[in-house]
Each structure stands twice: as structure tokens, then as C-alpha cells.
Amino acid sequence: MGTDPAPGKRGAAAGAMGNFQLEDFVAGWIGGAASVIVGHPLDTVKVFGFFKGMSFPLASIAVYNSVVFGVFSNTQRFLSHHRCREPEAGPPHVLSDLLLASMVAGVVSVGLGAPVDLIKIRLQMQTQPFQEANLGLKPRVAALGEQPAYQGPVHCFATIVRTEGLAGLYRGASAMLLRDVPGYCLYFIPYVFLSDWITPEACAGPSPCAVWLAGGMAGAISWGTATPMDVVKSRLQADGVYVNKYRGVLDCISQSYQKEGLKVFFRGITVNAVRGFPMSAAMFLGYELSLQAIRGDHVVTSP
């Protein structure tokens, strides 16, 4: 993700390949903020209120993406450095390095992102009545005319810890792990190879247009294939607010299949794929351009 030097610069940067680089995290934060601004309306329109609860994901998901991109980039650099002591002599991208770095990023993302995702879903549940077909829940506010269960992100966090314990913050984490580990492999790897394929050999690095297109296509692929496990994760995280229906991932899959059939796991796949394109395009473009500005490069670097 913009951390390996472009072919023409590979020799000059070889000495820094094994070093930890903080700018990947900074660029990831900027890209994450861009993706939230672009994608939040499409995220909430699936089942939630439009533009509701945007302040929390804008602050938290930007940090989340900062960690994911920073971990991926530095892991990939570490693997490349130790696989080949003279990186300029080796191939620019090795599939095994990309695969392992993507898996590490996926695992780290769950540790940080599960509580964030949980709070976001709990808050968004209050913005618009759920239909029975969505998550099998009816909103307490609409049914009883009471005040919302959560007054904001901090109150939501405190309420979950008080009523469900610290483990409650990681409700649905196992499903999120099953979603994000393969999901990030189908996110970073397509981006890397698509941007390389689009970029002419004579160019030092991909153009902003190539970054935008490759990032958007990677996002559509990743979110589209992640939809079945995303459905399970969302149901598990929404569970427990008003009723407890599921005992775990397998029970959620079983109950959902028995009641609604196989199609339930592909509900929202079109919206996810469509949403994934502009969000990821903004994410990668914001990341690459900000990384370029931070490092003073004159071209968008090839990841």
C-alpha cells in the first residue's frame, strides 16, 4: 500500500525497507476519513437512517483504517525485507507476502474494530425502525414509545460493559474474524495486482486514476464476497439489545437458514458491492495521495 518504492526508486529506498514507518498510519487515517465521508450514506441506507450516527464512525473508523493500513504496509515491508536482503533485486510483489500481511491486518482489525462496529450498529438501530425481515428485531423505541436505549457512543459503550461485561464488546467477533481475514486478502491483493496491471510499464507508479479504479474494484470484490458473514456478524451484534436469539455463529447461521433460506446470507450483496467501490476508491486514493504528500514523492507509489 504505497510502501514499496516504485521500480525506479527501489535501490534508493532499500535501506529503509526494514524500518517501521509511521506515515503509513497517518495516510491510513486520512484515507479512512475519506472513505467514511463517501460511504456512510450508502452504509446507513441498507437498513438504517440516512446520515444518522456519522460523527462516531468518522472519528473511529478513520483510526481503524489507520491501524489496518499501517499494520498491512509495515508487515509487508518486514516480510519483504527478511525474505530478500536486497529487495531491489527481487520481484516487487510476492503473493505469499501479500497474503500473510493481509491476514495479519485482518486479525488486528477484529481486535480494534469489533467494539467500534458493535457500537455503530447499536446506535444505528435506534435511527429507524427495523423490519422483521432485516435482523428479526423490532425496535424497543417504536414498540414502547420509550427513550432510546443509548444516548450516544460513550453511553452505549458504558451500557454494554455494565450489562454484558467486557466480553459484550466483542459480541460477533468470531464472525467478524471469519469475514475480515479472507476479506482483507480479497481487498489488498486485488488492489496491488490490479493497480500494477493498469499501470504501463514505463510509468514509475500508478496514476491517481489507476489507484481510484483498482481501489474501487478491490472494494467491490471484497465487500461482495464478505456479505454472507457480514449478515451473520450484524445479526450477532444486534442480538442482545432487546432479546437474545443466538448462541453463536453456527446457531445464527442455522436459525437464519431455517427461517429465511439461503438467500438471507446474500441480502444486501448488491448494496455492499456498490458501496464498496466508492468507499474503497476514496480510501486508497486518500491513502496514496496523502502518503505521496508526506514523503514528498512526485508520483503515486506502487504498493
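Residues are numbered from 1 along each chain as its sequence is written, and side-chain values use heavy atoms, without hydrogens and water. Because the model is predicted, local features need pLDDT of at least 70 and side-chain atom pairs count only at pLDDT 80 or more, while totals for chains, interfaces and linings use all residues.

Buried denotes under 20% relative accessible area, exposed over 50%, and partly exposed in between, with a 1.4 Å probe and protein chains only.

**Surface patch**

F20, L22, V26, W29, I30, V63, L112 and I294 make a nonpolar surface patch of about 720 Å². Patch residues have over 30% relative accessible area and no salt bridge, with nonpolar side chains (Val, Leu, Ile, Met, Phe, Trp, Tyr) joined within 5 Å; areas come from the Shrake-Rupley method with a 1.4 Å probe. Helix α1 supplies the largest share of the patch, three residues. V26 lies in this helix, α1, and counts as partly exposed at 40% relative accessibility.

**Salt bridges**

The structure holds twelve salt bridges, each a side-chain nitrogen of Lys or Arg within 4 Å of a carboxyl oxygen of Asp or Glu. Three of them are tabulated below.

| Pair | N to O distance |
|---|---|
| R77 and D24 | 2.8 Å |
| K120 and D117 | 3.6 Å |
| E260 and R235 | 2.9 Å |

R77 in α2 and D24 in α1 are 53 residues apart in sequence, so their bridge ties together separate parts of the chain; both residues are buried. K120 and D117, three residues apart in α3, are separated by about one helical turn, and both are buried. E260 in α9 (residues 249-260) and R235 in α8 tie together parts 25 residues apart in sequence. E260 is partly exposed at 23% relative accessibility, whereas R235 is buried at 3%. Salt bridges with shared partners join E23, D24, R77 and R295 into one network.

**Cysteines**

A search of the whole structure finds zero disulfides, that is, pairs of cysteine sulfur atoms within 2.5 Å. C156 is buried at 0% relative accessible area, and C185 is buried at 11%.

Technical notes: Patches are made of residues with over 30% relative accessible area and no salt bridge: like charges are joined within 9 Å, nonpolar side chains (Val, Leu, Ile, Met, Phe, Trp, Tyr) within 5 Å. Helices (H or I, at least four residues) and strands (E, at least two) are DSSP runs, numbered from the N terminus.
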